[in-house]
Amino acid sequence: MSKKLVAYFSATGTTKKIAVNLAKEEGADLFEITPEKPYTADDLDWRNKKSRSNVEMGDPNCHPAVISKVEDMGQYDEVILGFPIWWGREPSIVDTFLKQYDFSGKTIVPFCTSGGSGLGHATVERINNLLGRKANVVEGRRFGGEVSIEDMKTWLENL
């Protein structure tokens with residue numbers, strides 16, 4: 001039986017809620033990607049070109065620091081990776097997380113939260129490139145703010 005980890009970044013709590021439920025349904029361990037400097041509402045203001053999130057997302061070399069660490073990533077065969085969609089892709093802090101570990105041979109199942117933007121093929125391609133194509137990154141799923149347990153179960157069963 002493979003061991004699973006649900007790893008997630010959540011700036012407002014939406015992604016966290018879904019990640020907690022996914023971990024419970026899958027019997028998986030849960031891990032929060034925690035930024036060294038928490039994001040404020042001003043940091044997340046997409047209308048302000050100088051907001052922290054806009055600056056980070058505009059710099060492909062930006063890797064915001066994280067303070068949390070998975071103790072033994074080697075024990076996991078599958079990582080269900082959750083994040084909000086920012087500017088059509090995963091936030092830069094998720095890239096920091098992905099660069100910290102060796103995901104060789106693991107299956108990565110991304111999911112995103114968004115009011116409308118989907119988890120496009122470009123996000124899966126970016127994750128593949130970040131990991132040097134050493135993992136099996138599968139097409140994921142977008143969830144809106146409210147998701148039923150049944151909807152999550154159906155998605156998990158179809159992976």
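**Note on the predicted model: burial, cores and salt bridges**

1. At 13% relative accessibility, Glu 78 counts as buried, where buried means under 20% relative accessible area, exposed over 50%, and partly exposed in between (1.4 Å probe, protein chains only). Helices (H or I, at least four residues) and strands (E, at least two) are DSSP runs, numbered from the N terminus.

2. Residues are numbered from 1 along each chain as its sequence is written, and side-chain values use heavy atoms, with hydrogens and water left out.

3. As to the overall fold, the protein chain has five helices and six strands, arranged along the sequence as β-α-β-α-β-α-β-α-β-β-α. The radius of gyration is 15 Å, close to the 15 Å that the globule rule gives for 159 residues, so the chain is as compact as a globular protein of that length. This radius is taken over C-alpha atoms, and the rule is 2.2 Å times the number of residues to the power 0.38. Of the 159 residues, 45% count as buried.

4. The largest nonpolar core has 30 residues, and those with the most contacts inside it are Met 73, Leu 81, Phe 97 and Phe 103. Such a core is a set of buried Ala, Val, Leu, Ile, Met, Phe, Trp, Tyr and Cys residues joined through side-chain atoms within 4.5 Å. At least two of its residues come from each of β1 (4–8), β3 (78–84), α3 (92–99), β4 (107–113) and α4 (121–130); α3 gives the most, with four. Leaving aside residues up to four places away in sequence, Phe 97 touches Ala 7, Phe 31, Ile 33, Val 70, Met 73, Leu 81 and Phe 103, a contact being heavy atoms within 4.5 Å. A second, separate core of 15 residues includes Ala 19, Leu 22, Val 147 and Leu 156.

5. How many salt bridges does the structure hold? There are 14. One of them joins Arg 126 to Asp 95, with the closest N and O atoms 2.8 Å apart. Arg 126 lies in helix α4 and Asp 95 in helix α3, so the pair ties together parts that are 31 residues apart in sequence. Asp 95 is buried at 3% relative accessibility, whereas Arg 126 is partly exposed at 29%. Shared partners join Arg 89, Glu 90, Asp 95 and Arg 126 into one network of salt bridges.

6. A further salt bridge connects Asp 43 with Arg 52, their closest N and O atoms being 3.4 Å apart. Both Asp 43 and Arg 52 are buried.

7. Asn 54 is placed in helix α2 (residues 52–58) and counts as buried, at 14% relative accessibility. Beyond residues up to four places away in sequence, Asn 54 touches Asp 45, Trp 46, Arg 47, Asn 48, Lys 49 and Trp 87.

Definitions and conventions. Predicted model: local features only at pLDDT ≥ 70, side-chain atom pairs only at ≥ 80, totals over all residues. Salt bridge = Lys/Arg side-chain N within 4 Å of Asp/Glu carboxyl O.
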